[in-house]
Each structure stands twice: as C-alpha cells, then as structure tokens.
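Subject: Structure handover

Hello,

Here is the structure for your work. Please look it over before reading the notes below it.

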Amino acid sequence: MAKKRSVILTSLDLMILLAAAWMLVSQNGEMINSFVTHSEVDKVDSKISIETSTAKTADPVPKESMQVKDERTSWTPPTLPSNLVSIDQNNEELIKHIKEQWILPPFEGDNFFEEPYKEHYSQRGQSEFVDGLLGARQNGFFVEVGSSDGELFSNSLFFEKIRKWKGILIEPEPHFFKTSLEKPRLASVINACVSPEKTPAMLEFKSAEFMGGLSKWMPDSHNARVSKHFPNAEIRNIQCFPLVSIVKALGITHIDMLSIDINGPEPNVLDVFPFDEITVEIIVVAFLIPKDKAISDTRLSEIQEILVKRHGYEQTGYKADDAIFQKVKK
C-alpha cells in the first residue's frame, strides 16, 4: 500500500506543479512553450502563419524581386541627349540609349491580375482571332503599342499567359503605365509614345485614359469627344521614339503580332516602319473613330494602301475598332 500511495502522491504533486505553472503564465505571459506539447506548438505556429498572411495571397516576395519592382516603380523618364534629338531611327546610339535608359524589365515578384481566371482579355475577340490565324502558336513575340494598364482590353495578355510568348508593352500615358507596373506581366515595358515620324521627338500628348493620344494627330472628331468627356485633360510633352528603334533595342527581327491602338497616328507609324528589315506576321490596328464614318473609312484606306498594296499583307478580318492583317507567304 505504501508504494501505491507514493505513486498517488507523485501524481498529485505533478498536477499541483502544472496548475501553478499555468497560473504563472496567466499572470505574466511567460514560459508557455515549456508546457505545450509538440502538436500544440504546431497548431500555434500554423495559426500565426495564417493570421499574418491574411493580407496577402502568395508567398513573400524575394528580396531580389522587390529590388527589381522598386527600381521599376521609381523610374522616371530620362532626358534624351541633345545629339540624339531628331536623329534617324536606325542610329545605333539612339537604339543603345533606348535599350539602356528606357526599356524596363518584366515584372518579378508576387502579384495578381484583377481578373486572373480569364484567358482572353481583348475587347472583342481579337486575341482569339489571331490565335486561330497562327494555329495556337507557342513561344512567339508580340509588340503592343498602346497597352493601357497591361490587362484591360489587352490584345497580348492571352499570348503571354497561355501561349508563353514574350514581348514589349508600349504605353505613353503615365497613369496607365504606372498601373501596368503593378501587373505581373512577363513583358518588357516602356513609358513612351511611338513617333509618327522617322526620328525621335517631344510631342504634345493629351491624357484622357483610353481616349488619350498625340494632340496633333488626333482626328478633329475624336479631339472633340475628348474635350467633351475630359474637359480638364492634362496636356504634356512626352518623349516619342520610332517603333523600329524600340524593336531594335530589344534585338528583335521577327514579330508574330503587332497591335497598335493610339487614337490617331496609326497610319503614320506603319508608313515609316521598315517592313523589309523587321518581319511582322500579324498586325492588329485600330482605325475606327466612333461616330465618324468618313474619317474611319479614310484611315482604313490609308492602312490598306500601306499594308496590302506596298508590303504584301492581306486583310483577314475586323474585330471591334480594329482591322487585322496577315503577311502573305510567298
């Protein structure tokens, strides 16, 4: 009996010690981990992990990725050296300057699109149509001129996400450009306009969201709509580069899809592009000016003259405001 009583006393002593320990914890919040089993520690750690991650939906951004993102978001347009002002679009120093000072690398880190589960983002089926023309081609290259925020109405995002293409987004509007930097686009980006001439130039740009563009090259009817809907639209001078200068800065000689939507100078941009130097398979180009059939027809005729008659394209269809052209194989 003495041995049995000794065991009972020992158990009671242990219970008293545990109770005393919990009292100390409740009073000063210390030593809790000394009295919690391993499985309970795992539960506590898991709860802390879940609670601290409620404000985010992905793993922490690696330090090196944060540095890339910070560099991009803090970027400001540099001044074009005086010796490069009004220089020819094929000048090697100009191309090097664009490559080193203007083109920013793709996004790195953790972020999400506003509509992450979509495949096609284009406004009226442009990307589906082009994908059909190219037979679901993988690993191509796109150039999107007038890329807005990098997601809404994007003609290129499907090819980047689904077909694993690379490319470049060209957007002059400062707000759209900054917003696009927050999107996990895997394309290079540049905050500049495309010049309607064969030389770089500082040109007047009217900021009006999707209706914005180069003031001088906006059709009068479009300018009137901008004034109506954006009476306080900001007007600023922005740097413009010839499209071929930007493309050569990337070291690209073949483009699978070129998309251009810049509210005015689309025919001018195509007119000065050297299609004999850079091959472009598909061109999606905006021509329609809402409620102005006459100017829309004129713009389409100009584009057809450049692409079909001079450079061997055939027009394959229309989607929303865009006409779509494909290079005829010889």
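Predicted model: local features only at pLDDT ≥ 70, side-chain atom pairs only at ≥ 80, totals over all residues.

Overall make-up

The protein has 330 residues, and 45% of them are buried. Its secondary structure consists of 11 helices and 11 strands. Looking at contacts with a separation of 6 or more, 72% are between residues 24 or more positions apart. The accessible surface is about 18,100 Å², with 54% of that area belonging to carbon and sulfur atoms.

Aromatic rings

Searching the whole structure gave 11 aromatic pairs. One of them is formed by Trp75 and Trp102: the ring centres are 5.6 Å apart and the planes are at 70 degrees. An angle over 60 degrees counts as edge-to-face, so that is the class of this pair.

Where in the chain do Trp75 and Trp102 sit? Trp75 is in the loop between helix H3 (63-73) and helix H4 (92-102), while Trp102 belongs to helix H4.

Are the two residues buried or exposed? The cut-off for buried is under 20% relative accessible area. Trp75 has 17% and is therefore buried. Trp102 has a relative accessibility of 1%, so Trp102 is buried too.

The pair is also part of a cluster: Trp75 and Trp102 form one aromatic cluster together with Phe177 and Phe241.

Regards

Key. Residues numbered from 1 in each chain as written. Heavy atoms only, no water. Helix = DSSP H or I, 4+ residues; strand = E, 2+ residues; numbered from the N terminus. Buried < 20%, exposed > 50% of the residue type's maximum accessible area, 1.4 Å probe, protein only. Contact = heavy atoms within 4.5 Å. Areas by Shrake-Rupley, 256 points an atom, 1.4 Å probe, with all protein chains shown as cover. Phe/Tyr/Trp six-rings, centres within 6.5 Å; stacked < 30°, edge-to-face > 60°.
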